[in-house]
Amino acid sequence: MEAEILSAQSRKNKFGQYFTPEAVAEFMIDMAHITPTSKILEPSCGEGVFLKLLQEKGFQDITAYEIDKDLATEFPFVNYESFVAAKISEKFDLIIGNPPYIRWKNLEEELKAELAVNPLWNRYFNSLCDYLYIFILKSIELLNENGQLIFICPEYWMNTTHSVSLRNYMIQNGCFEEIYHFNETPIFDKVTVSVVIFKFVKTKKKDKKIKVTKFYANRKLTKETLENLKKKNSIEDAVYLEISQFKINERWLLATDEVKNELQKIETACRKPPMNLSLSLFESEKPVYYTIGEFCDIGNGLVSGLDKAFQISEHIDECHFTKYEKAATIHVVKAKDLKPFYANKTTKYIFVGDIASEDKLQELYPNFYSHLQPYKIDLTKRYQYNRKINYWEWVFLRNISLFNRPEKRIFVPCKERISNKNHFRFALVNEGVFPTQDVTAIFKKTTTQESVEYILAYLNHPAIFNWLKYNGIIKGNIVEFSEKPIASIPFRKINWHDSREVQLHEKITSLTQNFLSERNHGLLKEINNLFIQLLDI
(Lines give C-alpha, C1' and ligand atoms only; values in the text may rest on other atoms or scores of the structure.)
Protein backbone atom coordinates (compact mmCIF):
# COMPACT_ATOMS: atom_id res chain seq x y z
CA MET A 1 0.00 0.00 0.00
CA GLU A 2 2.83 2.38 0.94
CA ALA A 3 4.49 1.74 -2.43
CA GLU A 4 1.23 2.57 -4.21
CA ILE A 5 0.95 5.87 -2.30
CA LEU A 6 4.55 6.80 -3.11
CA SER A 7 3.96 5.90 -6.76
CA ALA A 8 0.84 8.09 -6.88
CA GLN A 9 2.69 10.98 -5.25
CA SER A 10 5.53 10.60 -7.75
CA ARG A 11 3.11 10.77 -10.70
CA LYS A 12 1.37 13.79 -9.19
CA ASN A 13 4.69 15.61 -8.89
CA LYS A 14 5.78 14.52 -12.36
CA PHE A 15 2.63 15.61 -14.18
CA GLY A 16 1.51 18.54 -12.01
CA GLN A 17 -1.74 16.83 -11.06
CA TYR A 18 -4.18 18.50 -8.62
CA PHE A 19 -7.63 17.01 -9.02
CA THR A 20 -10.70 19.24 -9.17
CA PRO A 21 -13.44 18.81 -6.53
CA GLU A 22 -16.73 17.71 -8.10
CA ALA A 23 -18.65 20.79 -6.89
CA VAL A 24 -16.09 23.07 -8.58
CA ALA A 25 -16.15 21.05 -11.82
CA GLU A 26 -19.95 21.24 -11.94
CA PHE A 27 -19.79 24.99 -11.31
CA MET A 28 -17.40 25.37 -14.26
CA ILE A 29 -19.56 23.30 -16.60
CA ASP A 30 -22.56 25.45 -15.71
CA MET A 31 -20.56 28.52 -16.83
CA ALA A 32 -20.57 27.21 -20.41
CA HIS A 33 -23.18 28.14 -23.00
CA ILE A 34 -23.39 24.99 -25.10
CA THR A 35 -25.94 22.62 -26.63
CA PRO A 36 -26.19 18.81 -26.49
CA THR A 37 -24.43 18.61 -29.88
CA SER A 38 -21.48 20.84 -28.91
CA LYS A 39 -18.00 19.41 -29.41
CA ILE A 40 -16.15 19.35 -26.09
CA LEU A 41 -12.47 18.76 -25.22
CA GLU A 42 -10.86 18.05 -21.85
CA PRO A 43 -7.08 18.30 -22.46
CA SER A 44 -5.89 16.86 -19.11
CA CYS A 45 -8.79 14.87 -17.71
CA GLY A 46 -7.07 13.41 -14.62
CA GLU A 47 -9.49 11.20 -12.71
CA GLY A 48 -12.30 12.20 -15.08
CA VAL A 49 -14.52 14.39 -12.90
CA PHE A 50 -15.41 16.71 -15.81
CA LEU A 51 -16.06 13.75 -18.12
CA LYS A 52 -18.39 12.09 -15.63
CA LEU A 53 -20.43 15.26 -15.09
CA LEU A 54 -20.59 16.10 -18.80
CA GLN A 55 -21.96 12.66 -19.57
CA GLU A 56 -24.50 12.92 -16.76
CA LYS A 57 -25.69 16.21 -18.27
CA GLY A 58 -26.25 14.52 -21.63
CA PHE A 59 -23.19 15.64 -23.61
CA GLN A 60 -21.83 12.92 -25.87
CA ASP A 61 -19.38 14.53 -28.32
CA ILE A 62 -16.48 14.54 -25.86
CA THR A 63 -12.76 14.16 -26.54
CA ALA A 64 -10.22 13.86 -23.73
CA TYR A 65 -6.47 13.56 -23.28
CA GLU A 66 -4.54 12.22 -20.31
CA ILE A 67 -0.81 11.52 -20.09
CA ASP A 68 -1.19 9.22 -17.07
CA LYS A 69 -2.56 5.84 -18.25
CA ASP A 70 -3.67 4.89 -14.73
CA LEU A 71 -6.35 7.61 -14.65
CA ALA A 72 -9.90 7.89 -16.04
CA THR A 73 -9.80 4.30 -17.30
CA GLU A 74 -13.61 3.95 -17.33
CA PHE A 75 -14.00 6.39 -20.23
CA PRO A 76 -13.40 4.79 -23.67
CA PHE A 77 -12.85 8.11 -25.47
CA VAL A 78 -9.74 9.17 -23.49
CA ASN A 79 -6.56 9.45 -25.57
CA TYR A 80 -3.64 8.38 -23.40
CA GLU A 81 -1.00 10.69 -24.79
CA SER A 82 0.38 14.15 -24.17
CA PHE A 83 -2.04 16.89 -25.19
CA VAL A 84 0.97 19.11 -25.91
CA ALA A 85 2.43 16.71 -28.47
CA ALA A 86 -0.88 15.38 -29.86
CA LYS A 87 -1.74 16.14 -33.51
CA ILE A 88 -5.31 17.45 -33.28
CA SER A 89 -7.02 18.64 -36.46
CA GLU A 90 -10.61 19.17 -35.28
CA LYS A 91 -11.98 22.26 -33.57
CA PHE A 92 -14.13 22.48 -30.44
CA ASP A 93 -17.00 24.55 -29.05
CA LEU A 94 -15.88 24.13 -25.43
CA ILE A 95 -12.53 23.27 -23.90
CA ILE A 96 -12.77 22.82 -20.17
CA GLY A 97 -10.61 21.50 -17.37
CA ASN A 98 -7.79 21.82 -14.91
CA PRO A 99 -4.45 22.01 -16.78
CA PRO A 100 -1.23 20.88 -15.06
CA TYR A 101 0.88 23.39 -13.14
CA ILE A 102 4.60 22.73 -13.44
CA ARG A 103 7.41 25.27 -13.31
CA TRP A 104 10.01 24.84 -16.06
CA LYS A 105 12.72 23.92 -13.54
CA ASN A 106 10.53 21.05 -12.25
CA LEU A 107 9.58 19.68 -15.68
CA GLU A 108 10.56 16.11 -16.50
CA GLU A 109 13.14 15.84 -19.27
CA GLU A 110 10.62 14.02 -21.49
CA LEU A 111 8.24 16.99 -21.23
CA LYS A 112 11.02 19.47 -21.95
CA ALA A 113 11.95 17.43 -25.02
CA GLU A 114 8.33 17.66 -26.22
CA LEU A 115 8.35 21.41 -25.86
CA ALA A 116 11.69 21.74 -27.64
CA VAL A 117 10.08 20.58 -30.89
CA ASN A 118 6.67 22.16 -30.34
CA PRO A 119 6.13 25.03 -32.84
CA LEU A 120 3.65 26.90 -30.59
CA TRP A 121 6.02 26.76 -27.63
CA ASN A 122 8.98 27.92 -29.71
CA ARG A 123 6.98 30.76 -31.22
CA TYR A 124 5.55 32.19 -27.99
CA PHE A 125 7.49 30.87 -24.99
CA ASN A 126 10.90 30.06 -23.52
CA SER A 127 12.42 28.37 -20.48
CA LEU A 128 11.20 31.15 -18.18
CA CYS A 129 7.64 30.06 -18.91
CA ASP A 130 5.56 27.40 -17.19
CA TYR A 131 3.96 24.27 -18.60
CA LEU A 132 0.51 25.73 -17.96
CA TYR A 133 1.01 28.34 -20.70
CA ILE A 134 1.09 25.88 -23.59
CA PHE A 135 -2.16 24.29 -22.41
CA ILE A 136 -3.94 27.64 -22.46
CA LEU A 137 -2.54 28.76 -25.80
CA LYS A 138 -2.99 25.44 -27.65
CA SER A 139 -6.55 25.19 -26.32
CA ILE A 140 -7.40 28.58 -27.81
CA GLU A 141 -5.88 27.47 -31.13
CA LEU A 142 -8.28 24.51 -31.08
CA LEU A 143 -11.45 26.53 -30.45
CA ASN A 144 -14.07 27.29 -33.08
CA GLU A 145 -15.01 30.94 -33.53
CA ASN A 146 -17.08 31.87 -30.44
CA GLY A 147 -15.75 28.74 -28.75
CA GLN A 148 -15.28 28.87 -25.00
CA LEU A 149 -12.25 28.05 -22.83
CA ILE A 150 -13.04 27.46 -19.14
CA PHE A 151 -10.03 26.61 -16.97
CA ILE A 152 -9.18 26.55 -13.29
CA CYS A 153 -5.53 27.38 -12.62
CA PRO A 154 -3.17 29.51 -10.48
CA GLU A 155 -3.49 33.25 -11.10
CA TYR A 156 0.22 34.22 -11.16
CA TRP A 157 0.48 34.21 -14.97
CA MET A 158 -2.01 37.08 -15.18
CA ASN A 159 0.63 39.60 -14.09
CA THR A 160 4.14 38.13 -14.34
CA THR A 161 6.60 39.55 -16.86
CA HIS A 162 7.46 36.25 -18.58
CA SER A 163 3.79 35.47 -19.33
CA VAL A 164 3.22 38.64 -21.37
CA SER A 165 3.38 36.73 -24.67
CA LEU A 166 0.53 34.48 -23.54
CA ARG A 167 -1.55 37.42 -22.34
CA ASN A 168 -1.02 39.32 -25.57
CA TYR A 169 -2.00 36.26 -27.60
CA MET A 170 -5.22 35.92 -25.61
CA ILE A 171 -6.11 39.59 -26.08
CA GLN A 172 -5.50 39.32 -29.82
CA ASN A 173 -7.63 36.19 -30.18
CA GLY A 174 -10.63 36.80 -27.95
CA CYS A 175 -11.90 38.20 -24.71
CA PHE A 176 -12.89 37.19 -21.19
CA GLU A 177 -16.49 36.92 -20.08
CA GLU A 178 -16.01 35.88 -16.46
CA ILE A 179 -13.19 35.55 -13.93
CA TYR A 180 -13.56 34.13 -10.43
CA HIS A 181 -10.62 34.92 -8.18
CA PHE A 182 -10.24 32.72 -5.10
CA ASN A 183 -7.59 34.38 -3.00
CA GLU A 184 -6.83 32.06 -0.09
CA THR A 185 -9.71 29.64 -0.56
CA PRO A 186 -8.34 26.08 -0.23
CA ILE A 187 -9.65 24.39 -3.37
CA PHE A 188 -7.02 21.68 -3.80
CA ASP A 189 -5.78 19.39 -1.04
CA LYS A 190 -2.55 20.56 0.63
CA VAL A 191 -2.05 23.35 -1.92
CA THR A 192 -1.94 27.00 -0.85
CA VAL A 193 -2.11 28.99 -4.04
CA SER A 194 -4.29 31.80 -5.28
CA VAL A 195 -6.59 30.29 -7.93
CA VAL A 196 -8.77 31.65 -10.75
CA ILE A 197 -11.55 30.14 -12.79
CA PHE A 198 -11.93 31.96 -16.09
CA LYS A 199 -14.17 31.85 -19.12
CA PHE A 200 -12.48 33.04 -22.31
CA VAL A 201 -14.28 33.32 -25.67
CA LYS A 202 -12.49 33.15 -29.01
CA THR A 203 -14.06 36.08 -30.83
CA LYS A 204 -13.35 39.23 -32.80
CA LYS A 205 -15.96 41.17 -30.80
CA LYS A 206 -14.40 42.50 -27.63
CA ASP A 207 -16.69 45.23 -26.39
CA LYS A 208 -18.12 43.38 -23.40
CA LYS A 209 -17.09 44.08 -19.82
CA ILE A 210 -15.54 41.25 -17.79
CA LYS A 211 -17.60 40.06 -14.85
CA VAL A 212 -15.17 39.57 -11.97
CA THR A 213 -15.93 37.86 -8.68
CA LYS A 214 -13.39 37.96 -5.85
CA PHE A 215 -13.79 35.58 -2.94
CA TYR A 216 -11.48 36.18 0.02
CA ALA A 217 -12.58 33.57 2.57
CA ASN A 218 -10.00 31.08 3.82
CA ARG A 219 -12.47 28.22 4.04
CA LYS A 220 -13.46 25.29 1.88
CA LEU A 221 -15.73 26.01 -1.06
CA THR A 222 -19.18 24.48 -0.73
CA LYS A 223 -21.86 23.94 -3.35
CA GLU A 224 -23.96 26.58 -1.57
CA THR A 225 -21.13 29.15 -1.68
CA LEU A 226 -20.52 28.49 -5.38
CA GLU A 227 -24.24 28.90 -6.09
CA ASN A 228 -24.23 32.26 -4.28
CA LEU A 229 -21.20 33.42 -6.24
CA LYS A 230 -22.79 32.32 -9.50
CA LYS A 231 -25.95 34.32 -8.73
CA LYS A 232 -23.86 37.28 -7.47
CA ASN A 233 -25.64 37.16 -4.12
CA SER A 234 -24.37 39.42 -1.38
CA ILE A 235 -22.34 37.17 0.95
CA GLU A 236 -19.45 37.73 3.31
CA ASP A 237 -15.98 37.89 1.70
CA ALA A 238 -17.37 38.22 -1.86
CA VAL A 239 -16.86 41.25 -4.13
CA TYR A 240 -18.42 41.65 -7.58
CA LEU A 241 -16.94 43.93 -10.25
CA GLU A 242 -17.29 44.70 -13.93
CA ILE A 243 -14.02 45.69 -15.55
CA SER A 244 -12.84 46.60 -19.04
CA GLN A 245 -11.15 44.05 -21.29
CA PHE A 246 -7.39 43.79 -20.78
CA LYS A 247 -4.90 45.55 -23.05
CA ILE A 248 -1.73 44.55 -24.87
CA ASN A 249 1.54 44.67 -22.88
CA GLU A 250 -0.17 45.39 -19.58
CA ARG A 251 -0.41 43.50 -16.33
CA TRP A 252 -3.91 42.25 -15.82
CA LEU A 253 -5.38 43.92 -12.78
CA LEU A 254 -8.72 42.71 -11.47
CA ALA A 255 -9.74 46.27 -10.70
CA THR A 256 -12.27 48.80 -11.91
CA ASP A 257 -11.30 51.51 -14.39
CA GLU A 258 -11.53 54.02 -11.54
CA VAL A 259 -8.93 52.13 -9.50
CA LYS A 260 -6.70 51.63 -12.55
CA ASN A 261 -6.82 55.37 -13.22
CA GLU A 262 -5.76 56.10 -9.63
CA LEU A 263 -2.82 53.70 -9.95
CA GLN A 264 -1.90 55.25 -13.28
CA LYS A 265 -1.86 58.70 -11.67
CA ILE A 266 0.74 57.51 -9.17
CA GLU A 267 2.97 56.11 -11.90
CA THR A 268 2.51 59.28 -13.99
CA ALA A 269 3.48 61.47 -11.03
CA CYS A 270 6.66 59.40 -10.64
CA ARG A 271 7.45 59.45 -14.36
CA LYS A 272 11.02 60.03 -15.51
CA PRO A 273 11.85 62.75 -18.03
CA PRO A 274 11.64 61.50 -21.65
CA MET A 275 14.83 59.79 -22.83
CA ASN A 276 16.28 59.99 -26.30
CA LEU A 277 15.20 57.34 -28.80
CA SER A 278 18.36 55.23 -28.74
CA LEU A 279 18.23 54.87 -24.98
CA SER A 280 14.50 54.19 -24.88
CA LEU A 281 14.92 51.24 -27.26
CA PHE A 282 17.35 49.57 -24.90
CA GLU A 283 15.38 50.51 -21.79
CA SER A 284 11.98 49.46 -23.14
CA GLU A 285 11.61 46.66 -20.58
CA LYS A 286 12.23 48.95 -17.60
CA PRO A 287 9.62 51.12 -15.86
CA VAL A 288 9.28 54.64 -17.24
CA TYR A 289 8.85 55.93 -13.69
CA TYR A 290 11.37 56.34 -10.88
CA THR A 291 11.46 53.47 -8.40
CA ILE A 292 12.46 53.10 -4.76
CA GLY A 293 15.35 50.88 -5.84
CA GLU A 294 17.00 53.81 -7.63
CA PHE A 295 17.04 55.89 -4.44
CA CYS A 296 17.45 53.30 -1.69
CA ASP A 297 19.64 50.34 -0.79
CA ILE A 298 17.54 47.39 0.33
CA GLY A 299 18.54 44.26 2.22
CA ASN A 300 16.83 41.27 3.81
CA GLY A 301 17.65 40.71 7.49
CA LEU A 302 20.25 38.54 9.20
CA VAL A 303 19.55 34.85 9.73
CA SER A 304 20.32 33.37 13.14
CA GLY A 305 18.90 29.95 12.33
CA LEU A 306 17.29 29.70 15.79
CA ASP A 307 16.07 33.05 17.10
CA LYS A 308 15.00 31.88 20.54
CA ALA A 309 18.55 30.73 21.29
CA PHE A 310 20.01 34.20 20.74
CA GLN A 311 17.34 36.36 22.36
CA ILE A 312 18.30 37.88 25.69
CA SER A 313 15.32 37.83 28.02
CA GLU A 314 14.13 41.10 29.53
CA HIS A 315 14.39 39.42 32.93
CA ILE A 316 18.12 38.75 32.71
CA ASP A 317 20.26 40.98 34.94
CA GLU A 318 22.86 42.39 32.57
CA CYS A 319 24.93 43.99 35.30
CA HIS A 320 26.92 40.75 35.54
CA PHE A 321 27.75 40.70 31.84
CA THR A 322 31.44 40.88 30.98
CA LYS A 323 32.69 43.75 28.84
CA TYR A 324 32.87 41.32 25.93
CA GLU A 325 29.25 40.32 26.42
CA LYS A 326 28.10 43.93 26.58
CA ALA A 327 29.96 44.60 23.32
CA ALA A 328 28.42 41.50 21.74
CA THR A 329 24.83 42.52 22.52
CA ILE A 330 22.88 43.98 19.60
CA HIS A 331 19.44 45.54 19.36
CA VAL A 332 17.03 43.89 16.95
CA VAL A 333 13.52 44.79 15.81
CA LYS A 334 11.17 41.89 15.11
CA ALA A 335 8.38 42.15 12.54
CA LYS A 336 5.69 41.83 15.25
CA ASP A 337 7.00 45.02 16.89
CA LEU A 338 6.72 47.20 13.78
CA LYS A 339 4.02 49.84 13.39
CA PRO A 340 3.46 52.35 10.58
CA PHE A 341 6.24 54.97 10.99
CA TYR A 342 7.84 53.53 14.16
CA ALA A 343 8.82 50.39 16.07
CA ASN A 344 7.22 49.52 19.40
CA LYS A 345 10.38 48.11 20.94
CA THR A 346 13.72 46.46 20.29
CA THR A 347 14.90 43.06 21.51
CA LYS A 348 18.44 42.34 22.65
CA TYR A 349 20.27 39.50 20.92
CA ILE A 350 23.55 37.66 21.41
CA PHE A 351 25.83 38.43 18.49
CA VAL A 352 29.26 36.97 19.18
CA GLY A 353 32.02 37.75 16.72
CA ASP A 354 34.79 35.51 15.46
CA ILE A 355 35.55 33.20 18.40
CA ALA A 356 38.16 30.52 17.72
CA SER A 357 36.94 27.88 20.12
CA GLU A 358 34.24 26.87 22.58
CA ASP A 359 36.76 27.29 25.42
CA LYS A 360 37.27 30.91 24.39
CA LEU A 361 33.50 31.41 24.28
CA GLN A 362 33.19 30.10 27.85
CA GLU A 363 36.10 32.24 29.05
CA LEU A 364 35.07 35.59 27.52
CA TYR A 365 31.29 35.12 27.35
CA PRO A 366 30.40 32.94 30.37
CA ASN A 367 26.78 34.13 30.62
CA PHE A 368 26.21 33.69 26.89
CA TYR A 369 27.84 30.26 27.04
CA SER A 370 25.44 29.14 29.79
CA HIS A 371 22.47 30.62 27.95
CA LEU A 372 23.28 28.75 24.72
CA GLN A 373 23.82 25.29 26.23
CA PRO A 374 20.13 24.20 26.30
CA TYR A 375 19.93 25.02 22.57
CA LYS A 376 23.27 23.48 21.56
CA ILE A 377 21.89 20.36 19.87
CA ASP A 378 19.30 22.31 17.87
CA LEU A 379 21.90 24.93 16.93
CA THR A 380 24.18 22.27 15.47
CA LYS A 381 21.30 21.04 13.27
CA ARG A 382 20.80 24.39 11.52
CA TYR A 383 21.33 24.68 7.77
CA GLN A 384 25.06 25.24 7.28
CA TYR A 385 25.10 27.23 4.01
CA ASN A 386 27.93 25.01 2.69
CA ARG A 387 30.35 25.92 5.47
CA LYS A 388 31.16 24.93 9.03
CA ILE A 389 29.14 27.11 11.42
CA ASN A 390 29.83 27.00 15.15
CA TYR A 391 26.75 26.72 17.31
CA TRP A 392 27.30 30.17 18.85
CA GLU A 393 27.40 31.89 15.44
CA TRP A 394 24.55 33.22 13.30
CA VAL A 395 24.23 31.20 10.10
CA PHE A 396 23.88 33.94 7.49
CA LEU A 397 25.12 37.51 7.97
CA ARG A 398 23.67 38.74 4.70
CA ASN A 399 23.84 42.50 4.12
CA ILE A 400 25.82 43.02 7.35
CA SER A 401 27.88 45.84 5.83
CA LEU A 402 24.66 47.62 4.89
CA PHE A 403 23.24 47.26 8.41
CA ASN A 404 26.47 48.58 9.94
CA ARG A 405 26.06 51.94 8.19
CA PRO A 406 25.84 54.71 10.84
CA GLU A 407 22.42 56.06 9.86
CA LYS A 408 18.72 55.64 10.42
CA ARG A 409 16.98 52.96 8.44
CA ILE A 410 13.42 51.93 7.50
CA PHE A 411 12.22 48.46 8.46
CA VAL A 412 9.23 46.57 7.01
CA PRO A 413 8.03 42.99 7.64
CA CYS A 414 9.15 40.60 4.89
CA LYS A 415 5.57 39.39 4.59
CA GLU A 416 2.45 41.37 5.41
CA ARG A 417 -1.11 40.10 5.50
CA ILE A 418 -3.52 42.68 4.08
CA SER A 419 -6.87 40.93 4.36
CA ASN A 420 -7.93 42.92 7.41
CA LYS A 421 -5.95 46.15 7.14
CA ASN A 422 -5.43 49.12 4.87
CA HIS A 423 -1.83 49.96 5.70
CA PHE A 424 1.69 48.58 5.68
CA ARG A 425 4.23 48.92 8.47
CA PHE A 426 7.23 50.85 7.22
CA ALA A 427 8.99 52.00 10.40
CA LEU A 428 11.97 54.29 11.01
CA VAL A 429 14.55 52.92 13.46
CA ASN A 430 17.82 54.27 14.77
CA GLU A 431 21.30 53.42 13.57
CA GLY A 432 22.77 50.35 15.24
CA VAL A 433 19.45 48.49 15.21
CA PHE A 434 19.45 45.30 13.14
CA PRO A 435 16.78 43.34 11.24
CA THR A 436 16.45 39.56 11.44
CA GLN A 437 15.10 37.34 8.68
CA ASP A 438 11.46 38.42 9.13
CA VAL A 439 12.33 42.07 8.37
CA THR A 440 13.68 43.90 5.32
CA ALA A 441 15.70 47.11 5.75
CA ILE A 442 15.72 50.20 3.51
CA PHE A 443 18.52 52.79 3.53
CA LYS A 444 18.59 55.96 1.45
CA LYS A 445 21.47 55.99 -1.01
CA THR A 446 24.24 58.51 -0.38
CA THR A 447 23.26 60.25 -3.64
CA THR A 448 19.58 60.59 -2.63
CA GLN A 449 18.59 64.14 -1.69
CA GLU A 450 15.18 63.28 -0.29
CA SER A 451 15.15 62.83 3.49
CA VAL A 452 14.65 59.41 5.08
CA GLU A 453 11.53 60.87 6.77
CA TYR A 454 10.12 61.84 3.37
CA ILE A 455 10.74 58.30 2.07
CA LEU A 456 9.17 56.84 5.21
CA ALA A 457 6.01 58.95 4.89
CA TYR A 458 5.77 58.19 1.19
CA LEU A 459 5.94 54.41 1.71
CA ASN A 460 3.23 54.63 4.39
CA HIS A 461 0.88 56.69 2.23
CA PRO A 462 -2.51 55.07 1.40
CA ALA A 463 -1.84 55.54 -2.32
CA ILE A 464 1.23 53.31 -2.09
CA PHE A 465 -0.74 50.72 -0.14
CA ASN A 466 -3.28 50.73 -2.96
CA TRP A 467 -0.58 50.46 -5.63
CA LEU A 468 1.02 47.48 -3.88
CA LYS A 469 -2.35 45.84 -3.30
CA TYR A 470 -2.69 45.48 -7.07
CA ASN A 471 0.92 45.52 -8.30
CA GLY A 472 2.91 43.94 -5.49
CA ILE A 473 4.12 40.37 -5.20
CA ILE A 474 1.05 38.85 -3.57
CA LYS A 475 0.40 35.23 -2.65
CA GLY A 476 -3.06 34.78 -1.23
CA ASN A 477 -3.50 37.77 1.05
CA ILE A 478 0.22 38.03 1.80
CA VAL A 479 2.30 40.84 0.26
CA GLU A 480 6.01 40.05 -0.02
CA PHE A 481 8.58 42.69 0.86
CA SER A 482 11.89 41.26 -0.20
CA GLU A 483 14.43 43.39 -2.06
CA LYS A 484 12.99 43.19 -5.59
CA PRO A 485 9.34 43.95 -4.74
CA ILE A 486 10.33 46.97 -2.65
CA ALA A 487 12.75 48.19 -5.31
CA SER A 488 9.94 48.19 -7.91
CA ILE A 489 7.65 50.60 -6.01
CA PRO A 490 7.20 53.90 -7.93
CA PHE A 491 8.95 56.80 -6.21
CA ARG A 492 7.94 60.46 -6.29
CA LYS A 493 11.27 62.18 -6.77
CA ILE A 494 11.44 65.83 -5.81
CA ASN A 495 12.27 68.36 -8.52
CA TRP A 496 14.85 70.37 -6.61
CA HIS A 497 14.56 73.23 -9.12
CA ASP A 498 10.87 73.66 -8.26
CA SER A 499 10.48 75.77 -5.09
CA ARG A 500 6.95 74.47 -4.52
CA GLU A 501 8.10 70.84 -4.51
CA VAL A 502 11.07 71.67 -2.27
CA GLN A 503 8.71 73.35 0.18
CA LEU A 504 6.37 70.33 0.18
CA HIS A 505 9.36 68.07 0.85
CA GLU A 506 10.46 70.17 3.81
CA LYS A 507 6.92 70.26 5.26
CA ILE A 508 6.52 66.49 4.93
CA THR A 509 9.92 65.91 6.53
CA SER A 510 9.17 68.26 9.42
CA LEU A 511 5.68 66.87 10.07
CA THR A 512 7.02 63.30 9.98
CA GLN A 513 9.72 64.17 12.50
CA ASN A 514 7.06 65.74 14.73
CA PHE A 515 4.85 62.68 14.47
CA LEU A 516 7.73 60.37 15.40
CA SER A 517 8.40 62.38 18.55
CA GLU A 518 4.81 63.23 19.54
CA ARG A 519 2.77 60.32 18.05
CA ASN A 520 -0.02 62.80 17.27
CA HIS A 521 -2.03 60.93 14.63
CA GLY A 522 -3.65 64.14 13.45
CA LEU A 523 -0.33 64.96 11.78
CA LEU A 524 -0.67 61.95 9.47
CA LYS A 525 -3.65 63.50 7.72
CA GLU A 526 -1.61 66.63 7.02
CA ILE A 527 1.27 64.53 5.67
CA ASN A 528 -1.04 62.50 3.41
CA ASN A 529 -2.68 65.68 2.07
CA LEU A 530 0.72 67.08 1.11
CA PHE A 531 1.49 63.92 -0.85
CA ILE A 532 -1.84 64.23 -2.62
CA GLN A 533 -0.49 67.46 -4.10
CA LEU A 534 2.71 65.77 -5.23
CA LEU A 535 0.96 62.69 -6.63
CA ASP A 536 -1.91 64.67 -8.17
CA ILE A 537 -4.49 62.20 -6.88
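Let's start with Glu 267. This residue is buried, because its relative accessible area is 16% and the cut-off for buried is under 20%. Keep in mind that we are looking at a predicted model.

Where does Glu 267 sit? It is in helix α9, residues 257–269. Now its contacts. Leaving aside residues up to four places away in sequence, Glu 267 touches Tyr 289, Trp 467, Asn 471 and Pro 490. Tyr 290 is 23 residues from Glu 267 along the chain, and their C-alpha atoms are 8.5 Å apart.

Second stop: helix α6, residues 131–141. How many of its 11 residues are buried? The count is 10, so the helix is largely enclosed by the rest of the structure. Among the buried ones are Tyr 131, Leu 132, Tyr 133 and Phe 135. Lys 138 and Ser 139 are on that list too.

What do the buried residues of α6 pack against? There are strands: β4 (92–97), β5 (143–154) and β7 (195–201). There are also helices: α4 (109–116), α5 (119–124) and α7 (164–173).

Last stop: the surface. Tyr 383, Tyr 385 and Phe 396 form a nonpolar patch there. Together they have about 300 Å² of accessible area. Take Tyr 385 from that patch. Tyr 385 lies in the loop between α15 (376–380) and α16 (400–403). Is Tyr 385 buried or partly exposed? Its relative accessibility is 31%, so Tyr 385 counts as partly exposed.

Technical notes
Residues are numbered from 1 along each chain as its sequence is written. This is a predicted model: local features need pLDDT of at least 70, side-chain atom pairs count only at pLDDT 80 or more; totals for chains, interfaces and linings use all residues. Side-chain values use heavy atoms; hydrogens and water are left out. Helices (H or I, at least four residues) and strands (E, at least two) are DSSP runs, numbered from the N terminus. Buried means under 20% relative accessible area, exposed over 50%, partly exposed in between (1.4 Å probe, protein chains only). Contact means heavy atoms within 4.5 Å. Patches are made of residues with over 30% relative accessible area and no salt bridge: like charges are joined within 9 Å, nonpolar side chains (Val, Leu, Ile, Met, Phe, Trp, Tyr) within 5 Å. Accessible areas come from the Shrake-Rupley method with a 1.4 Å probe; for residues, only the protein chains shown count as cover. A salt bridge is a side-chain nitrogen of Lys or Arg within 4 Å of a carboxyl oxygen of Asp or Glu.
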